[in-house]
Amino acid sequence: MLKLTGVHTFYGNVEALKGIDLEVNQGEIVCLIGNNGAGKSTTLMTISGILRPVKGEILFEAESIKNTPPHKIVEKGISQVPEGRRIFPKLTVRENLEMGAFSEKGNFDEMLKRIFTLFPVLKERQNQIGGTLSGGEQQMLAISRALMSFPKLLLLDEPSLGLAPIIVNKIFMTIKEINKEGVTILLVEQNAMAALKLSHRGYVIENGRIAFEGESKFLLNNEKVRKAYLGD
Ligand SMILES: Nc1ncnc2c1ncn2[C@@H]1O[C@H](COP(=O)(O)OP(=O)(O)OP(=O)(O)O)[C@@H](O)[C@H]1O
Ligand SMILES: [Mg+2]
């Protein structure tokens, strides 16, 4: 479904991605794990068209998207939940969701119903101002807003960041649920253990390069991965 080949991305003179090869197949949950500054967010922003690769190719459903504008990439079916759950803090929950529905695909009410089933708390709070939600609720809202464009591929940037373990658990269960409903997922996480347990396959990024890749259950047992990322 998604294929990156030899992707190099720069910030000015700083080469943040030094030749990334990464693939996501339809129906999978794939995680991308790595330390601060490794290039995880840069990878997602390069896929969603916010950043442009200087070298390399990005194919989505066998079509190049490396020069496609970000809003067209959303229309093609890729939706990103950015790091730090950037919702509209002054708008209500419902208005935030309406902002995600700009691409008019599918039916707003149908998706709203689906989202309220996934996250009943958002239904209760649909008229509450976004900025007054708890951190976990804001993350749920950020994910829901991304779903409003009916993505085929959902890019999640550190959904567990700053949340209590019980909330992280809830968010991860819902990611699994969303995947079961047919949405393919690329999940960026620093919480390597939780991400590997949830995903089918994983990539470990170190300093702009893929250092390890494989089935998640294999990575969970890899000695080097365990030492560096799983605190063994
Ligand atoms: N706007 C920017 N200008 C210059 N350098 C940047 C910019 N954003 C990121 N970088 C650099 O690019 C590299 C990759 O950053 P990136 O944000 O992709 O890392 P990350 O893996 O998402 O880290 P984190 O876990 O902290 O979110 C880092 O060295 C970072 O300092
Ligand atoms: Mg990041």
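## Strand 3 and strand 9

L32 stands opposite Y203 in strand 9, in a predicted model. Strand 3 (residues 29–33) and strand 9 (residues 201–206) run parallel and are joined by 4 bridges. Strands count as paired when DSSP finds at least two bridges between them. Helices (H or I, at least four residues) and strands (E, at least two) are DSSP runs, numbered from the N terminus.

Local features need pLDDT of at least 70 and side-chain atom pairs count only at pLDDT 80 or more, while totals for chains, interfaces and linings use all residues. Residues are numbered from 1 along each chain as its sequence is written, and chains are lettered from A and ligands numbered from 1 in the order in which they are written.

## The sheet and its helices

The open sheet has 6 strands in the order 6-7-8-3-9-10, with mixed pairing. Strand 6 and strand 10 (209–215) are the edge strands, each pairing on one side only. From one strand to the next, the twist averages 15°. Angles run from 0 to 180 degrees between N-to-C directions, and axes are lines fitted to C-alpha atoms, for helices over the stretch in contact.

Helix 1 (residues 40–47) packs on the sheet and touches strand 3, strand 6, strand 7, strand 8 and strand 9; its direction makes about 150° with that of strand 7. Helix 6 also packs on the sheet, where it touches strand 6 and strand 7, and its direction makes about 165° with that of strand 6. Contact between two residues requires their C-beta atoms, placed from the backbone, to lie within 7 Å.

## Strand 7

Strand 7 (residues 153–157) is largely enclosed by the rest of the structure, because 5 of its 5 residues are buried. A buried residue has 20 or more other C-beta atoms within 10 Å of its own, an exposed one 12 or fewer, and a partly exposed one a count in between, with C-beta atoms placed from the backbone. L153, L155 and D157 cover one side of the strand, with L154 and L156 on the other, and all are buried.

Strand 7 runs parallel to strand 6 (residues 78–81), joined by 4 bridges, and Q80 stands opposite L155. Strand 7, helix 7 (residues 165–180) and strand 8 make a right-handed β-α-β unit; right-handed means that, with the strands pointing away from the viewer, the path from the first strand over the helix to the second runs clockwise.

## Nonpolar core

The largest nonpolar core has 63 residues, and L154, L155, L156, I185, L186, L187 and A195 have the most contacts inside it. Helix 6 (residues 135–147) gives the most to this core, with 6 residues. Such a core is a set of buried Ala, Val, Leu, Ile, Met, Phe, Trp, Tyr and Cys residues joined through C-beta atoms within 7 Å. Leaving aside neighbours within four places in sequence, L154 is in contact with S79, A146, I178, V183 and I185.

## F119

F119 lies in the loop between helix 4 (108–118) and helix 5 (120–124). F119 is buried, with 23 other C-beta atoms within 10 Å. Not counting residues up to four places away in sequence, F119 touches M140, S144 and T174. The C-alpha atoms of F119 and L141 are separated by 8.6 Å, although the two are 22 residues apart along the chain.

## Ligand 1

There are 13 residues around ligand 1, of which Y11, A16, K40, S41 and T42 come nearest. A residue is near a molecule or strand if its C-beta atom, placed from the backbone, lies within 6 Å of it. Strand 2 (14–24) and helix 1 each supply at least two residues of this shell, and helix 1 gives the most, with 3 residues.
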